[in-house]
Amino acid sequence: MVRLDVWSDFLCPWCFVGARRIEAVEAEYGDAVDVRWHSFLLQPEPTPKPLDRFRRYTERWVAPGGPGAADPDAGFTVWGDTPPPSHSLPPAIAGKAAATFGAAAFDTFHRALMAAYFCDNRDISARDTVLDVATSCGFDRDEFAEVLRTRGGELRTLVLADHEAALERGVHAVPTVLINDVLPLPGAQDLDTYRRMIDRIRSRT
């Protein structure tokens, strides 16, 4: 089995592209790969974001050479009139909460929360948005909220530990995929690159 440790931030557009490609890898290789997601905080603290400036930033999502051009099917949308997310920590904690329900539950929530941000222009740092997305994924809203309430401190610690582990390994940009704990692949690589690296390792075992 080939292990892929993926450091990612819910607010990173290239991480959305990378996540979609890693999903394709999982679908193609099945049990031959073990994908483990880790948090990386590009915006660890709340930072004011004027709406007009943030909207101009999101225009890069759909510009030539941007993530939307790299993955036209992802559905990137230039931001509208809703408030932008404040920082990376709340969605990262929500991701850890989803993972307490199992890997499949996390995968569904991970995909949906990113789509809520990049495609639907929703503030995924807001608790109500997180709970709405969780409910749309089949979670019991009250049960998910209870996990956030009672285990929020613990989950926050896990997120920060992921981030520190990334820095210790020399990861400073996301997405970064570490294959079998030795081969780092920074950036949202194309699907063939992931295939080539996985096949090379499998051929040696």
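Colleague: To start with Glu23: what relative accessible area does it have?

Modeller: Glu23 has a relative accessible area of 24% and is therefore partly exposed. Please note that this is a predicted model.

Colleague: Which residue forms a salt bridge with it, Glu23?

Modeller: The partner of Glu23 is Arg111, and their closest N and O atoms are 3.0 Å apart. Glu23 belongs to helix α1 (residues 13-29) and Arg111 to helix α5 (residues 103-118), so the pair ties together parts that are 88 residues apart in sequence.

Colleague: And Arg111, is that side buried or exposed, or in between?

Modeller: Arg111 is partly exposed, at a relative accessible area of 39%.

Colleague: How many salt bridges are there in total?

Modeller: The count comes to 14 salt bridges. Among them is the pair Arg3 and Asp5, with 2.8 Å between the closest N and O atoms. Here Arg3 is partly exposed at 32% relative accessible area, whereas Asp5 counts as buried because its relative accessibility is 3%, below the 20% limit.

Colleague: What about Asp132 and Arg141, how far apart are N and O there?

Modeller: The side chains of Asp132 and Arg141 meet in a salt bridge of 2.7 Å, N to O. Asp132 is partly exposed, with 31% relative accessible area, and Arg141 counts as partly exposed at 31% relative accessibility.

Colleague: Which residues are linked in a network of salt bridges?

Modeller: Glu28, Asp192 and Arg195 are linked in such a network.

Colleague: Changing topic to helix α7: where is its kink centred?

Modeller: Helix α7 covers residues 141-168, and its kink of about 75 degrees is centred on Arg151.

Colleague: Which residues of α7 are buried?

Modeller: They are Phe144, Ala145, Val147, Leu148, Gly152, Leu155, Val159, Asp162, His163 and Ala166. The elements covering these buried residues include β1 (2-8), β2 (33-39), α4 (89-99), α5 and α6 (127-136).

Colleague: An Asp on that list; what is the relative accessibility of Asp162?

Modeller: Asp162 has 12% relative accessibility and therefore counts as buried, and the residue is found in helix α7.

Colleague: What is Asp162 in contact with, leaving aside its neighbours within four places in sequence?

Modeller: With those neighbours set aside, Asp162 is in contact with Trp7, Trp37, His38, Ser39 and Lys96.

Colleague: On to pockets: what volume does the largest pocket have, and which residues lie nearest its centre?

Modeller: The volume of the largest pocket is about 290 Å³. Its lining has 18 residues, of which Trp37, His38, Gly95, Ala99 and Phe106 lie nearest the centre.

Colleague: Which element supplies the largest share of the lining of the largest pocket?

Modeller: β2 does, with five residues. β2, α4 and α5 each supply at least two residues of that lining.

Colleague: Finally, how many cavities of 30 Å³ or more does the structure hold?

Modeller: The structure holds one such cavity. The largest cavity has a volume of about 30 Å³, and Ser8, Asp9, Phe10, Ser39, Phe40, Ser88, Pro91 and Ala92 line it.

Conventions
Residues are numbered from 1 along each chain as its sequence is written. This is a predicted model: local features need pLDDT of at least 70, side-chain atom pairs count only at pLDDT 80 or more; totals for chains, interfaces and linings use all residues. Side-chain values use heavy atoms; hydrogens and water are left out. A salt bridge is a side-chain nitrogen of Lys or Arg within 4 Å of a carboxyl oxygen of Asp or Glu. Buried means under 20% relative accessible area, exposed over 50%, partly exposed in between (1.4 Å probe, protein chains only). Helices (H or I, at least four residues) and strands (E, at least two) are DSSP runs, numbered from the N terminus. The bend at a residue is the angle between axes fitted to the seven residues ending there and the seven starting there. Contact means heavy atoms within 4.5 Å. On a 1 Å grid over the protein atoms alone, a cavity is a set of points where a 1.4 Å probe fits but cannot get out, and a pocket is an open set with protein on both sides within 12 Å along at least five of seven lines; lining residues have an atom within 4 Å of a point. Grid points are joined across faces, edges and corners, and a volume is the space filled by probe spheres set on the points.
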